[in-house]
Amino acid sequence: MIQFKNVSKTYPNGTHALNNVNINIEKGEFVFIVGASGAGKSTFLKLIMKEEQPSSGEITINGVNTTNMKRRKVPYLRRTMGIVFQDFRLIDKMTVFENVAFAMRVIGARPRAVKKRVLYILGLVGLKDKAKCRPAELSGGEQQRVSLARALVNNPSIIIADEPTGNIDPEMSFEIIELLNEINKQGTTIIVVTHEHELVQKFKNRVIEINNGQVVSDSGAPAEKVEVPIEISQEDLAEIPEEIAEEIADVSAAELSEEALQAIVQGEVEDE
Ligand SMILES: Nc1ncnc2c1ncn2[C@@H]1O[C@H](COP(=O)(O)OP(=O)(O)OP(=O)(O)O)[C@@H](O)[C@H]1O
Ligand SMILES: [Mg+2]
């Protein structure tokens with residue numbers, strides 16, 4: 001699902017952030033990325049979401065080589081991803097509710113579906129009572145959870161989270177990773193950068209360590225975690241146009257076309 005082949009990244013100022021990285025992450029995996037500050041972890045994530053371009057090597061996401069992807073195609077790539085940025089990137093002028101709802105509106109979800117889904121997701125991250133607040137009125141940990149809610153709301157096939165627990169107390173951190181673990185069990189691929197050794201030890205997921213821009217260790221995927229198929233019920237299919245239903249009849253969501261994914265997302269939210 002995510003493949004890096006001999007990928008290097010040198011920033012314009014000459015910093016070598018990644019050096020000949022080879023990584024293969026299968027669909028349905030849950031991977032922790034660890035390593036010292038400045039090691040290249042965020043750079044690795046930014047290359048996956050195509051916020052940065054590799055200086056050399058090849059990156060393939062969902063079977064699509066994104067190395068030379070046209071700019072106008074990038075938003076489609078991003079729609080398959082839920083991203084928690086290290087610096088949150090919330091919109092200051094919008095309330096918590098609006099920040100999360102916005103992500104659904106851009107893919108054309110109906111207002112009634114948006115309201116239900118956003119409140120549900122805010123409940124999952126423990127922020128329902130802050131729905132009307134603006135980011136400036138929240139603690140760092142609360143802002144982080146809004147950013148997580150926004151990443152989850154469209155039911156993406158990949159979740160990429162850069163230190164999603166960096167500002168959160170240990171108990172809440174545990175709950176957040178537990179929540180991601182539950183989402184992972186339903187087939188979503190999850191990549192989490194973290195500095196917290198305790199969390200990494202508690203959850204027996206694959207751990208990739210990056211140091212000085214290189215992969216210095218990779219525990220590999222625990223056997224039982226790999227290749228979780230996504231089940232799509234007949235009921236879900238009934239909501240989807242026939243040609244798309246055919247396409248998804250025997251593949252997992254990770255391999256779907258953008259159009260098909262969107263139909264599922266919208267179908268699901270309209271059901272609620
Ligand atoms: N836009 C940029 N321009 C130039 N250098 C950059 C840029 N972004 C990151 N770097 C450099 O690239 C290296 C890797 O940075 P990166 O942000 O990937 O590290 P990180 O592992 O995420 O660190 P942290 O744990 O502190 O978030 C660092 O030396 C950093 O200073
Ligand atoms: Mg970082």
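How many residues surround ligand 1, and which are the closest?

## Around the ligand

13 residues surround ligand 1, the closest being Tyr11, Ser37, Lys41, Ser42 and Thr43 (near here puts a residue's C-beta atom, placed from the backbone, within 6 Å). Helix H1 (residues 41–48) supplies the largest share of that shell, with three residues. Helices (H or I, at least four residues) and strands (E, at least two) are DSSP runs, numbered from the N terminus.

This is a predicted model, where local features need pLDDT of at least 70 and side-chain atom pairs count only at pLDDT 80 or more, while totals for chains, interfaces and linings use all residues. Residues are numbered from 1 along each chain as its sequence is written, with chains lettered from A and ligands numbered from 1 in the order in which they are written.

## The sheet

Six strands make an open sheet with mixed pairing, in the order S6-S7-S8-S3-S9-S10 (two strands pair if DSSP finds at least two bridges between them). Strand S6 (81–84) and strand S10 (214–218) sit at the edges with a single partner strand each, so one side of each has no neighbour in the sheet.

Strand S3 (residues 30–34) runs parallel to strand S8 (residues 189–193), and four bridges join them. Phenylalanine 32 has valine 192 as its bridge partner in S8.

## Isoleucine 33

Leaving aside neighbours within four places in sequence, isoleucine 33 is in contact with Lys41, Phe44, Ile191, Val192, Val193, Ile208 and Ile210 (contact means C-beta atoms, placed from the backbone, within 7 Å).

Note on methods: Contact = placed C-beta atoms within 7 Å.
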